[in-house]
Amino acid sequence: MQLTQILMVVTNGHTMDNGHHAGIWLSEFAEPYEALKANGYEITVASPNGTDSPIDKNSLGEEGIPSSWKEIADQLTKTVPLADVNSNNYSGIFLPGGHGTMFDFPDDENLKRLLQEFAEADKVIGAVCHGPAGLVNAELKDGTPLVQGKTVTSFTDSEERGVELEDQVPFMLETKLKERGASFVVADDWAEHVQTDGKLVTGQNPQSSIRVAEEFMKAL
């Protein structure tokens, strides 16, 4: 029987040196969530600490959370701790972005464990924008970086400089993924751009969220 359960992993946020509380980028969570739900998938929303996942204010317009996303956004207030997640229960894992992920995703031992288990079981892994921060330190059982030799994309160094946060993040994501052996593909800043390499699906920026979800479901 094919599993229809998807694990979405979200950040618990981090206050950057400039005082801004970096959280999840709402559209990168809500748009894939909507698409997966519409196609019959059940979703568990988890985070490193199992606490709430704060929405980055920069991802909201003046009206705040769009009324059509209120119910989806509510899922961010009741996340499951990653320590309690069994990868055997899921057919895929999806990592939405937001600058918060740059701080709590890379070194989270439970996220690294889960990503290894999904990769070793040949299950689908999706990530968009800063979500691939979760991939930078993930490894296979033999110690090979999960992204080594894989064609990927993410929020680019050019886009990071464009939003003037290159001095606020702990590393530049494009550069780090390249250092880990990934074949990184860059598109124009803010262009919709997705890369699929086997069961690994990555998107460059918020503009890519819907297409990442579509390609993720194809890979499932």
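For the entries on linings, I count Ala, Val, Leu, Ile, Met, Phe, Trp, Tyr, Cys and Pro as nonpolar, Asp, Glu, Lys and Arg as charged, and the others, Gly among them, as polar. The model I consulted is predicted.

**Entry 1: the largest pocket**

I looked up the lining of the largest pocket by class and found eight nonpolar, six polar and two charged residues. The space in this largest pocket comes to about 220 Å³. I noted 16 lining residues, with W25, H99, F155, V163 and L165 the closest to the centre of the pocket.

**Entry 2: the second largest pocket**

For the second largest pocket I recorded about 190 Å³ of space. Its lining has 14 residues, and those nearest the centre are A119, L140, L146, K150 and L200. By class, I listed six nonpolar, three polar and five charged residues in the lining of the second largest pocket.

**Entry 3: helix 1 and helix 7**

I then turned to a pair of helices. Two packed helices are described by the angle between their axes and the distance between the axes. I found that the axes of helix 1 (residues 26-38) and helix 7 (residues 209-219) come within 8 Å and cross at roughly 40°.

Next I looked up which residues make the contact. From helix 1, I listed S27, E28, E31, P32, A35 and L36, which meet S209, I210, A213, F216 and M217 of helix 7. I sorted the residues of this contact into seven nonpolar, two polar and two charged.

Terms used. Residues are numbered from 1 along each chain as its sequence is written. This is a predicted model: local features need pLDDT of at least 70, side-chain atom pairs count only at pLDDT 80 or more; totals for chains, interfaces and linings use all residues. Side-chain values use heavy atoms; hydrogens and water are left out. Axes are lines fitted to C-alpha atoms, for helices over the stretch in contact, and angles run from 0 to 180 degrees between N-to-C directions. Helices (H or I, at least four residues) and strands (E, at least two) are DSSP runs, numbered from the N terminus. Contact means heavy atoms within 4.5 Å. On a 1 Å grid over the protein atoms alone, a cavity is a set of points where a 1.4 Å probe fits but cannot get out, and a pocket is an open set with protein on both sides within 12 Å along at least five of seven lines; lining residues have an atom within 4 Å of a point. Grid points are joined across faces, edges and corners, and a volume is the space filled by probe spheres set on the points.
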